[in-house]
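Work through the exercises below with the sequence and the model side by side, trying each task before reading its solution.

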Amino acid sequence: MTGYIAPLRLRLDGDALLSNWRWLARQGGAPACGAAIKADGYGLGAAGVMQLLKQAGCRDFFVSNWGEAAALEAQMDGVNFAVLHGVRDEDMAQALASRARPVLCTPGQVARWKAAGGGACDLMIDTGMNRLGLDWRADLGELAAGLEIVTLLSHLASADEDSELNPMQLARFRQVRAVVSAQRYSLANSAGICMGPDYGFDLTRPGIALYGGVPHRDAAGHLRQVVQPQAQILQRRSVIAGDTIGYNATHRAERDMEIAILNIGYADGYLRGFSGRGTALVDGVRLPVLGRVSMDLLAVDVGARPDVAESDWLTIDYALPAAAQASGLSQYELLTGLGKRFDRVWA
Ligand SMILES: *Cc1c(COP(=O)(O)O)cnc(C)c1O
């Protein structure tokens, strides 16, 4: 739909994205700082995120699957691009033709890649999360023999808290590093970067913190909000004391009120956890969400702002740590849930 202007948009702050990446690069204690751009760049739009970070000097990108890689193939010149879930049979033709590398995760994937003479690859070792990756206790020397490994990775399970698992995973990763030779080693995600240079190795892989999520208490104050959802007012109306607002009448007006109906709802990722708890903002004035969030609509109290009217735009308060607290969602869910109906506008 060319020329269509959606009634809801994400204002995306490119300076904030780059400032976050530079802070993470300094903090990580590694020569290189990459970017996890899976799940469409955590909901912001992977192509836009990749373009900005690439211009700023980022040379390592990570997505989950080959569908995501295909959409970014045209931007892969001069960078390392890794597909974290490795290669299934169904992926082989694309993987062999692509400039992206698979992060091999299972003995089956290793065998498949070797049999195809696939060339350069990455390798994921599970050091205690028991998610995806080759078990650190396996005979890794044998498994890795004959592979041309660019980056050997592992992933931290509890880097956002003080957990005995962190030093344990670090020690296991060092052990693996002594056995399996690769050009580079990479352990830390956003929270891992906050645990200091011991965790940095050759390459860090932040995701959430690039996009303004606060992964660890030590990062608070250093990361800037990147995403601001905004929605247009479709109707302004008066509500009389005793009236109820929205589905199931969960909000009853105690006094006469002025409300605005915004074009955003749970189908856009503004989930029902914000019902009666979220806030819209205009010039710093807080406008509380009233009643249930609908699929496509939201009611807010505009009594404090007689001037806002139909067709005006309001910003949704989406400051990630606080919005997570209010909604009961994680900062990751808040970002990756942002739907397809937003115009994504970089500034
Ligand atoms: C998603 C992911 C990252 C980024 O994690 P954040 O917590 O968002 O920083 C890094 N490495 C791997 C393997 C991942 O799956």
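**Exercise 1.** Find where Asn 130 lies, and decide whether it is buried or exposed.

*Solution.* Asn 130 sits in the loop between strand E7 (120-126) and strand E8 (134-135), where strands are DSSP runs of at least two residues (E), helices are runs of at least four (H or I), and both are numbered from the N terminus. The relative accessible area of Asn 130 is 62%, so this residue is exposed (buried means under 20%, exposed over 50%, partly exposed in between, with a 1.4 Å probe and protein chains only). Its phi is near 55°, a positive value in a residue other than glycine.

The model is predicted, with local features needing pLDDT of at least 70 and side-chain atom pairs counting only at pLDDT 80 or more, while totals for chains, interfaces and linings use all residues. Residues are numbered from 1 along each chain as its sequence is written, and side-chain values use heavy atoms, without hydrogens and water.

**Exercise 2.** Describe how helix H1 and helix H3 pack.

*Solution.* Helix H1 (residues 14-28) and helix H3 (residues 46-56) pack at an angle of about 55°, with their axes 10 Å apart; axes are lines fitted to C-alpha atoms, for helices over the stretch in contact, and angles run from 0 to 180 degrees between N-to-C directions.
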